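Hi,

Here is the structure I promised you.

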Amino acid sequence: MTYPDYLRHTGPSQGVLPPRSEPRGLPVLDLSGAWEFHWAADHLDVPEGFEHGRGVAPATIPVPSHWQLQGYGSPQYTNAEYPFPVDVPHPPADNPVGSYRRTFPLPAGWAGGRVLLRFAGVDSTAKVWLNGVELGLLVGSRLTHEFDVTPYVRPGENLVAVRVHQWSAASYLEDQDMWWLSGIFREVGLCLLPEGVPSDVRITAEHGPGGAALTVHSDLPGRFEIPELGLSGPTGERVAAPGAQLWSAESPRLYEARVYGRTPRSVGVRVGFRTVSAEDGVFRVNGRRTVLRGVNRHDFHPERGRAVTREDMLADVLLIKRAGFNALRTAHYPPHPYLLDLCDEHGLYVIDECDLETHGFFDHGWEGNPADDPRWTEAMLARMRSMVVRDHNHPSVVMWSLGNESGTGRNLAAMAAWTRTADPSRPIHYESDQETAYTDIWSQMYPSHDHLAAVVERREPPLDDPGLDAARRAKPYLLCEYGHAMGNGPGGLLEYRDLMESSERCAGGFVWELIDHGLTTSDPDGNTVTGYGGDFGEPLHAGNFCCDGLLFADRTPSPALLEAAAVNAPVRLRPEAGSVTVTSAYDHIGTGHLDYGWSLLADGVEVASGPLDVPDLEPGGRTTVPLPAAAFAPHDGELVLTVTARLAKSTSWAPRGHEIAWAQRVVATPPAPVRPATDAAPARSGRTITLGPATFDAGSGLLASLSGLPIAGPRLELWRAPTDNDLRSRDGEPVAAAWERLGLHRLTHRLVELALSGDAVTAVVRTAAAHRTESVLTTYRWTSSGDVLSAAVSIEPCGDWSVPVARIGLTLELPAGTGPVTWYGYGPGEAYPDSRSAVRIGRYESTVEAMHTPYARPQENGHRMDVRRAAVGPLRIGGDRPFGLTVTPYGLRRLSTTRHHAALREEDRLYCLIDLAQHGLGSSSCGPLPLPHHTLLLTPRTFTLNLTCDDRRGAP
């Protein structure tokens, strides 16, 4: 089957106007809403005459939307792979077509000016008609395109028609890590450019040694004014702006400029005075070193795909700010323009990224990559021009990015050269230019902590070319992606932060990424699930690699977001003996907008609290202030001091009282309790052994009941349902594969010895997997005093255990429905050795269901750290040291084999896992393994477990 030649078009859009900015105040008719629609499997089935209003009676489809999410065709997710043969510039033969049309009335009073038809986003290639006249061809899915329709629009009813092809040659430039979704997914509008009124305004608002200054460039000579500053002047001339306050993400000061042409009518542009530079190896905003604490973000919604609403975007920006981020990267295309308005207003630094990725060529040695093919030069330049011209006026945009993962070549260098001439005020970023031959930032993805340490200490291996090496060493270093937030993780964010802040050379980093890209769908059993690759019948897909966000797909914060927020805290609090040290991590503002307080907990119960007087610190400042004597008053139990910093007044992004930072310190620990003498002797009757309130099974040596509560266990556990980070590794064998090879998921237990002495039951159990020689001997020495059952547990590995294990712990099985769970220790959420900055010591209560974290693909979750004591229903748990606690109705095997969270089914028992240690999380699904000190090796361990069963419920 042949297809139209324009689907092989490697050039830019045809028939469109040059890009322009979009000043405020020009009349716009929104054409969003219900459009007539026809979907065809290929271009041969497009209804004849559709663009002229003829053809079949069509259905309707909402605009903006993606047709795959409206019941036409299916979504497909790939990370880097092209979902069609790599046959440049040909698209695949199977190429669905969506035909759109609607009528609209020309608004009264629109005569006498130019009328533009504007498309903010159409995927992937489209032809457009107005009143039967073909206007041109759209290329560049996430770019704004405008047609001058002045000669074709008429009073009364008008017909606009759009024919969208799912695939085209342009698809080779749009291989971003995202769902392949088609259609008109951003707004369509009719825009009036009145005679004599500016329609394209470019603002340069800077700050230098001579103070603030403003230059307004307009497509029409005229004048501008900023009434709030009492400032006015002619367009095209640099005008001093005395008294102007600077814009930064920490203090996003904006002014409204009015720009006039040849009439009294004006348009508006918001102005932020700020200067960005990347000089002497340091990234600076307004002359000050600035650390980008950033996150990558796609436009995404689980039911609408990239057809996001203003409410979606506002929710994202507010959440990003509240989580302590000060920057976002628009991965991997220019965002909806309203997002940048929000970043200007609320304060976020933005790396604005071009709509370009050719990642699929990586698997073919970059052979045929458009980045170095002159056939694509103009198309790639057009994409860059569209972004830069549209977004130039946003002070939040502090870097231009050429695109993502497209190798390197002459076309990227040309894009950089054009951008440097068009806008020398911003640095140019592109991660794949590892020699920084045409970029201003040395950017990398997912470096290990060791590599980052070498870079910030300037110990990185040199480039072969001494000149390029010297030039790269003189440029700031940036982690454009790190901390891959897939599933349970990432780990190691705190260590990354400390390294990034330790050297002026590092401009910061951007966590990957903000939102899980799961689409709401149903599984074969009818469960509503968060769908990922493979759930829509795709022959080629990247599985759940799209679920790698700090937010779940429905924008519920995951534990990783809370961890990131704690790590991002812009003030650092360190309680010490009698004082607290406060360090500002702000780059541009003081800390006078914060209130501080302290509280003292005794065994998790607040016994005293009060305000804390901290002086206003300059950016980067530090002070130590005394704590009141009441903060160290003696009380029974473990004493924990908590200090906090909160907003003293509401901001645009958070209410008064929003917590900015906190820290804790254990200031007193109670003496270890004296263990009472045993007062019970074991007795055996057939298969049953009785010891105080407990019974044991003589055949297995396992506990069978305690005070009438059925209990099975404890059994040694060395495995966990693999996390996404366990299942993948760029550094050799994934740890989950090593666990499977060792058989940690199928351990068996054999009673080696069972002995009854005068006051104890001693069981020795050998744990091993089939066809393996490695084993573990676990000795349980059970004693009883009153209603307390104690086990002195000794764990002794035998054989070669040089591979890390998932956990070292014990599993108890309780009756289904046992609960609630209460504990004193770290909470309220889950935590792991390398992801524990967000949890604090306290008393907590939860249902079993609420302790489970609903990752899109079920995996290890719900672990509470450093628990001093806990209760699961009537069962009380303690020990001679803090332990990890997980309570779940899902066995590890079920967690590891169920594809979606919503498909999990509770079992006929409850699993209570008591861990002595857990392996770290890392981020090896795309980044490094856990750090060495978070890597768990099986070594001899001892632990005392205390169990009590009674009907008293509540906090332990």
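Tyr844 has a relative accessible area of 15%, so it counts as buried, the cut-off being under 20%. Bear in mind that this is a predicted model. Trp823 is buried too, at 1% relative accessibility. The rings of these two, Trp823 and Tyr844, form a tilted pair, because their planes sit at 35 degrees, with the centres 5.5 Å apart. Trp823 belongs to strand β52 (residues 821-827) and Tyr844 to strand β53 (residues 840-846), so the pair links parts of the chain 21 residues apart.

That is one of 25 aromatic pairs in the structure. Another is Phe37 with Trp67: centres 6.2 Å apart, planes at 40 degrees, so again tilted. Phe37 is in strand β2 (residues 33-40), while Trp67 is in the loop between β3 (59-63) and β4 (76-78), 30 residues apart. Both of those residues, Phe37 and Trp67, are buried. There is also a cluster joined by ring pairs, made up of Tyr82, Phe84, Trp167, Tyr172, Trp180 and Phe361.

Two arginines sit over tryptophan faces. Arg472 is over Trp442, 3.7 Å from the ring centre, and Arg840 is over Trp662, at 4.0 Å.

Last, helix α10 (residues 735-742). Its buried residues are Val735, Ala736, Ala738, Trp739 and Leu742. They are on the same side of α10 because they span an arc of only 160 degrees around the axis. Their cover includes α9 (724-727) and β48 (761-769). Just past the end of α10, Gly743 has a positive phi of about 75 degrees.

Cheers

Conventions: Residues are numbered from 1 along each chain as its sequence is written. This is a predicted model: local features need pLDDT of at least 70, side-chain atom pairs count only at pLDDT 80 or more; totals for chains, interfaces and linings use all residues. Side-chain values use heavy atoms; hydrogens and water are left out. Buried means under 20% relative accessible area, exposed over 50%, partly exposed in between (1.4 Å probe, protein chains only). Helices (H or I, at least four residues) and strands (E, at least two) are DSSP runs, numbered from the N terminus. The arc is that of the directions from the helix axis to the C-beta atoms. Contact means heavy atoms within 4.5 Å. Rings of Phe, Tyr and Trp (its six-membered ring) pair if their centres lie within 6.5 Å; planes under 30 degrees apart count as stacked, over 60 as edge-to-face and the rest as tilted. A charge sits over a ring if NZ of Lys or CZ of Arg is within 6 Å of the ring centre and within 35 degrees of the ring normal.
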